[in-house]
Amino acid sequence: MAYPGYLCFILLLCTLVARGLSGRVLPPSGAIVVRSCEPIRITMCRGLGYNVTGMPNLVGHETQQDAELQLTTFTPLVQYGCSDRLRFFLCAVYVPMCTVKVRQPIGPCRPMCERVRDDCRPVLHEFGFPWPAALDCSQFPASNDLDHMCMDGPSPGSDTSGQRVDYTLPLPRAPPSLPPSPPPSAACRHLRHPGAYVYVNRTERCAVRCGADALFTSGEKRLTETWMSVCAALCFLSTLFAVLTFLVDPRRFRYPERPVIALAMCQCACAVAYGVRLAAGSRRVACDRLTGALIGDGLGNTDCTIVFLLLYYFGTAASLWWVILTVTWFLSAGLRWSHDAIERYSSHFHLVAWAAPAVQTIVVLVSRAVDADELTGMCYVGHARARSLVAFALAPLATHLAVGVGFTVAAYAALFRYRSRVRSGVEKTAKLEQFMVRVGVFCLLCALPVTCIVACLAYEYVNSATWRLPGSSAKPGVEIFMLKIVMSLIVGMTTGPWTWSRQTIDSWRKFARRMRARCCCDDRARAARRKRAVPQYHYHGSAHVTTPAIYYRTYSAVDSSSKHKTSGSVTVV
């Protein structure tokens with residue numbers, strides 16, 4: 001029954017609506033409402049002359065929690081006291097004033113932004129930081145009027161209520177889970193190239209600055225991008241051919257071979273992920289525009305989200321489909337199951353292959369473990385944190401490798417035992433040996449890349465901390481990472497040649513004949529419709545027919561005295 005599913009959907013919808021309504025400020029009855037507001041819950045932005053705000057804010061944050069995380073990165077600058085209006089300005093941007101009668105959020109005016117920028121930009125330049133692009137003053141209104149409402153801010157040292165307030169000291173305390181951050185100048189001195197890193201307060205770690213060469217040179221990045229584009233193109237073309245061959249003749253691919261097609265589809269999606277990255281560019285995918293550093297604590301933009309979902313979800317699904325392929329080979333070769341017997345469990349195979357990666361992907365997103373790679377600019381998991389690399393990449397892939405190799409060895413053992421018993425028929429033995437070769441080649445082509453990927457991930461996990469030490473001369477080998485890229489796509493490259501055979505040629509010929517016959521049938525149908533479009537009038541039996549003045553075909557009738565009367569037709573033009 002589908003009722004439990006509907007009930008779960010209704011409960012989920014009610015929960016989302018309840019969470020959306022919680023904390024909203026209700027307008028008085030009779031008021032014209034154009035947007036909803038909520039109380040300010042950020043400690044840093046309380047007591048500034050207004051107490052309600054609305055999301056999304058001026059930089060696109062959907063919740064106050066996200067805005068608060070971003071505001072904490074400015075705590076060292078506020079503590080420095082470069083401007084007495086900095087606190088009000090930041091709160092006006094990240095927690096703008098809201099009223100139910102105005103659709104747009106009310107942020108700061110441009111003159112206040114320019115004063116704060118002129119006061120604090122020299123301090124940022126002293127520490128090697130530019131003025132944030134999200135705080136560009138040109139985006140704010142020049143003055144407060146009816147068309148563009150904004151806040152001029154309080155006069156220096158006072159708030160809107162006229163009471164004397166010191167906007168520099170005392171400062172609001174940071175949330176309990178976020179201790180005060182070290183000054184930007186000393187935060188990343190423990191790394192090899194401190195100038196190539198940016199300290200991000202909300203993650204309490206140093207992230208690589210966008211465009212900086214912390215571990216790899218610009219030449220290595222260009223070489224890797226070229227290598228990545230070639231591998232992705234070959235994988236996409238090969239997997240696309242395999243999937244199209246399956247669509248042309250689905251009955252040809254039966255179990256235990258059917259998982260190869262699903263594996264090809266997953267590898268095609270991974271190639272698309274690389275294509276999105278190459279089309280969008282490294283900076284657009286991997287950089288956080290608010291911090292100016294590589295994304296390291298979640299999904300910074302839409303391109304990063306697309307790349308991560310395609311690469312991680314379908315990469316994990318491809319690994320599971322290889323495991324399912326070894327299981328079906330074992331059931332067919334070892335336990336002598338028929339095609340129909342294996343196909344009865346196809347729904348279970350699909351459930352495991354598609355649901356398990358979905359659960360892993362959700363866990364990664366909830367854990368905010370998505371980060372960007374300096375070398376490739378791809379959004380994945382484990383580039384910045386070793387624990388995430390082990391938990392979400394290395395451990396699952398090693399588990400899949402162990403299970404797949406186990407079923408492959410078991411299938412080989414069963415095949416050799418069966419071969420020793422088949423001695424009477426030469427033809428049967430030859431077919432069995434051909435079957436064993438086909439199984440062994442493809443399983444080797446799948447197991448070897450997975451083994452190489454596991455070894456590359458282990459290499460990265462063991463040496464990642466050493467590469468960043470200031471006194472160490474160790475440097476990551478770019479060839480290892482290039483090997484990981486090609487090994488992650490080589491299985492897809494082999495699916496096209498694996499499906500190529502005489503049956504493939506016959507399938508495409510039959511498909512071409514069907515398409516040609518359908519086109520010819522369409523042409524004959526169009527010709528028949530054009531012929532039927534001309535009206536025809538039939539006259540039978542009588543010789544006394546008045547011929548129209550204008551006619552297309554001459555009608556001749558027999559004499560009335562004739563014994564046999566004939567009939568003709570006249571087509572009126």
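Q: Why is Arg277 called buried?
A: Arg277 has 2% relative accessibility, and buried means under 20% relative accessible area, exposed over 50%, partly exposed in between (1.4 Å probe, protein chains only). Arg277 therefore counts as buried. This is a predicted model, in which local features need pLDDT of at least 70 and side-chain atom pairs count only at pLDDT 80 or more, while totals for chains, interfaces and linings use all residues. Residues are numbered from 1 along each chain as its sequence is written, and side-chain values use heavy atoms, with hydrogens and water left out.

Q: What makes Glu225 and Arg277 a salt bridge?
A: The closest N and O atoms of the two residues are 3.7 Å apart. A salt bridge requires a side-chain nitrogen of Lys or Arg within 4 Å of a carboxyl oxygen of Asp or Glu, so the pair of Glu225 and Arg277 qualifies.

Q: Why does the pair of Glu225 and Arg277 tie together parts that are apart in sequence?
A: Glu225 lies in helix α7 (residues 218-248) and Arg277 in helix α8 (residues 258-280), so the parts joined are 52 residues apart in sequence. Helices are DSSP runs (H or I, at least four residues), and strands (E) need at least two; both are numbered from the N terminus.

Q: How do you know that Glu225 is partly exposed?
A: Its relative accessible area is 32%, which places Glu225 in the partly exposed class.
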